[in-house]
Amino acid sequence: MAGAVIAPGQKAREADKITLPAMPHGARFRDWKRRIRDKICGASGRPEQAFTWIMNVDDLTYNDLRESDGFSSLDCKLSAAISDILTGDLERRIGVLKEKAAKDGYLMKGRQALHVIYEHYRVAEADGAVLEFEDLTGIKMRNNNLEEFT
């Protein structure tokens with residue numbers, strides 16, 4: 001119900017499950033990241049606090065994200081949702097990290113998995129920027145004709 005008011009002492013209900021969009025191709029990562037934040041905040045019973053909680057993925061280290069900071073259930077649901085969309089190298093890498101965490105006696109959290117994904121795309125974006133710059137440095141104008149330069 002839109003605009004519903006939660007009575008004092010009553011807890012807002014958290015979603016039973018988080019459904020995430022498919023993994024993006026490089027150029028769509030920023031849009032995907034925004035959609036992930038929206039999904040997580042929408043699934044939380046405390047969206048404002050969840051926003052701060054999920055934004056910390058950008059600022060904290062993988063090990064710092066081992067603590068769920070009051071969002072244990074949401075963190076586990078995020079981990080499950082990420083597992084559903086992973087493919088290829090990221091799926092293998094996060095699978096290995098989950099096994100290592102289990103052997104060390106703890107559950108790898110969803111924010112930790114998200115951190116690994118962010119780092120993967122951060123490297124890909126940096127590689128792309130280098131390639132784009134190299135492409136630009138290889139451009140040559142022919143016959144001093146700027147109109148054909150485009």
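Reader: Contacts in the chain with a separation of 6 or more: what share comes from residues 24 or more positions apart?
Author: The share is 69%. Keep in mind that this is a predicted model.

Reader: OK. How many helices and strands does the chain have?
Author: Five helices and zero strands. Along the sequence the pattern reads α-α-α-α-α.

Reader: What percentage of the residues is buried?
Author: Of the 150 residues in the chain, 32% are buried.

Reader: And the accessible surface, what does that come to?
Author: About 10200 Å² for the chain. Carbon and sulfur atoms hold 52% of that surface.

Reader: Switching to packing. At what angle do α1 and α2 pack?
Author: About 140°, and their axes lie 8 Å apart. Helix α1 covers residues 29-43, and helix α2 covers residues 47-55.

Reader: Left-handed or right-handed crossing?
Author: Right-handed, as α1 passes α2.

Reader: Which residues make the contact?
Author: From α1, Arg37, Ile40 and Cys41. From α2, Pro47, Ala50, Phe51, Trp53, Ile54 and Met55.

Reader: How many of those are nonpolar, polar and charged?
Author: In the contact of α1 with α2, eight are nonpolar and one is charged.

Conventions
Residues are numbered from 1 along each chain as its sequence is written. This is a predicted model: local features need pLDDT of at least 70, side-chain atom pairs count only at pLDDT 80 or more; totals for chains, interfaces and linings use all residues. Side-chain values use heavy atoms; hydrogens and water are left out. Helices (H or I, at least four residues) and strands (E, at least two) are DSSP runs, numbered from the N terminus. Buried means under 20% relative accessible area, exposed over 50%, partly exposed in between (1.4 Å probe, protein chains only). Contact means heavy atoms within 4.5 Å. Accessible areas come from the Shrake-Rupley method with a 1.4 Å probe; for residues, only the protein chains shown count as cover. Axes are lines fitted to C-alpha atoms, for helices over the stretch in contact, and angles run from 0 to 180 degrees between N-to-C directions. A crossing is left-handed if the near helix is turned anticlockwise from the far one by less than a right angle, and right-handed if clockwise. Ala, Val, Leu, Ile, Met, Phe, Trp, Tyr, Cys and Pro count as nonpolar, Asp, Glu, Lys and Arg as charged, and the others, Gly among them, as polar.
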